[in-house]
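Dear colleague,

I am passing on the structure we spoke of, so that you can look through it yourself. My notes on what was found in it follow below the model.

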Amino acid sequence: MKKCWLIKYPNWKSNQIKTSNMKIINYILVTVIALSFSSCMQQPKEKEITETTPQQAYEYMTTARLTVSESKRLIAKGVSANKEVKDRLENGIVIITLGTTNTYLAEELAGLSTPRGSFVTGRIFPSSKEDFAKGMKRRSEIVLMKGKPVDISYADALSCMNEKDIVFKGANMVNYAKCQAAVCVGAPDGGTVAKLRKYTDQGKGRWIVPVGLEKETTQDLFEMQKLTNGDTPRGKGTVRLNVTQGNIYTEIEALKEFADVDVHVTAKGGVDGAEGGVSLLICGTKAEVEKAENIVKQLQGEPAFVESTSDSKK
């Protein structure tokens, strides 16, 4: 079959010139494409990397390694030092719902002294072990009005809140980059979190989520909520999720209560008690970093939430 350009140019010499020109053009095009593809496959140069990830110039930095229980204690101490929390303790309402991290909050804010596990509702423990809180009498939520415990139901306390008042409810997962937190829900009525959101979602009170970085995930929690809360048949113990955003309080926020520092996660987990723990890089001026270090030193040796039999014999 004849090429269209041969039909257009019947003169042979002219055709030869055109053929030669087309070969040159094709060669140039192939070369350009090959070079473009090659450049796409090359790794960025060091200069390019530093330009896309600007580095803060710090005077000093150090690492704090926290166990899970030390992290919970740090969060509780940070909350108790927070100016807005202090204001509500003096002038308003603070509600502490049940939970493991919230047990530490209750100890710091309300002087709670009760067996570990009695201030907890749902709990996650190894399938190979018996429920550590089995048989314990469960405490109810703690309501503080102007810093004093009051004998009022959780539902009534929620209805009394104004826009500045605070309710603390922990979480089971956190996506720190997206400021998201997710609570596992097993109760048919949505449990504790559903009750508080009837008010906080309307601006009546503020829900603060004390949660350790041990529970960090990269998943978009709103997408996970769609999955877990769907109509797919589920096995026993498969919970739904209730997700919130923009109200998390972790070890990072806690350290910032005590020192003007930047805090970054550099490692997770470990051995010999560091399982589930977090390593934090604390950066700033030497004086400010040392302030944070002093707080961390006060937490070191915090007992595990549930001490094993071998631990209790030491």
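In strand 9, V243 is the bridge partner of A182, and this pair belongs to the antiparallel pairing of strand 7 with strand 9, which extends over six bridges. Please keep in mind throughout that this is a predicted model.

Strand 7 also pairs with strand 6, to which it runs antiparallel and is joined by three bridges, with A181 of strand 7 as the bridge partner of V174. The hairpin of these two strands has four residues between them, and C179 takes a positive phi there, near 55 degrees. Strand 7 is mostly covered, since five of its six residues are buried.

The N-terminal end of helix 9 is capped by D220, which places a side-chain oxygen 2.9 Å from the backbone nitrogen of F222.

The loop between strand 9 (240-245) and strand 10 contains N247. Is this residue, N247, buried or exposed? With a relative accessible area of 12%, N247 falls under the 20% cut-off and therefore counts as buried. Its side chain makes a polar contact of 3.1 Å with the side chain of T244, and, if residues up to four places away in sequence are not counted, N247 touches C179, W207, I208 and V209.

Turning to the sheets, six strands form an open sheet of mixed pairing, in the order 4-3-2-5-8-10. Its edge strands are strand 4 (148-149) and strand 10 (248-249), each of which pairs on one side only. Within this sheet, strand 5 (residues 166-168) and strand 8 (residues 206-210) run parallel and are joined by three bridges, and R206 in strand 8 is the bridge partner of I166. Helix 8 (residues 191-200) lies across strand 5 and strand 8, and runs at about 135 degrees to strand 8.

A further open sheet consists of three strands in the order 1-12-11, with antiparallel pairing. Strand 1 (60-66) and strand 11 (262-268) stand at its edges with a single partner strand each, so one side of each is left without a neighbour in the sheet. On average, and with direction ignored, neighbouring strands of this sheet are turned by 25 degrees against each other. Strand 1 and strand 12 (residues 278-284) run antiparallel and are joined by seven bridges, with I282 in strand 12 as the bridge partner of T62. Helix 10 (residues 251-258) packs on this sheet, where it touches strand 1, strand 11 and strand 12, and its direction makes about 35 degrees with that of strand 12. Helix 11, for its part, lies across strand 1 and strand 12 and runs at about 15 degrees to strand 1.

Leaving aside its neighbours within four places in sequence, V79 is in contact with V85, L105, L109, F168 and Y249.

For the chain overall, the secondary structure comes to twelve helices and twelve strands, and 36% of the 314 residues count as buried. Among the contacts in the chain with a separation of 6 or more, 71% are accounted for by residues 24 or more positions apart.

With best regards

Methods:
Residues numbered from 1 in each chain as written. Predicted model: local features only at pLDDT ≥ 70, side-chain atom pairs only at ≥ 80, totals over all residues. Heavy atoms only, no water. Pairing = 2+ DSSP bridges. Contact = heavy atoms within 4.5 Å. Axes fitted to C-alpha atoms, helices over the stretch in contact; angles between N-to-C directions. Buried < 20%, exposed > 50% of the residue type's maximum accessible area, 1.4 Å probe, protein only. Polar contact = N/O pair within 3.5 Å; in protein donor to acceptor, adjacent residues only side chain to side chain.
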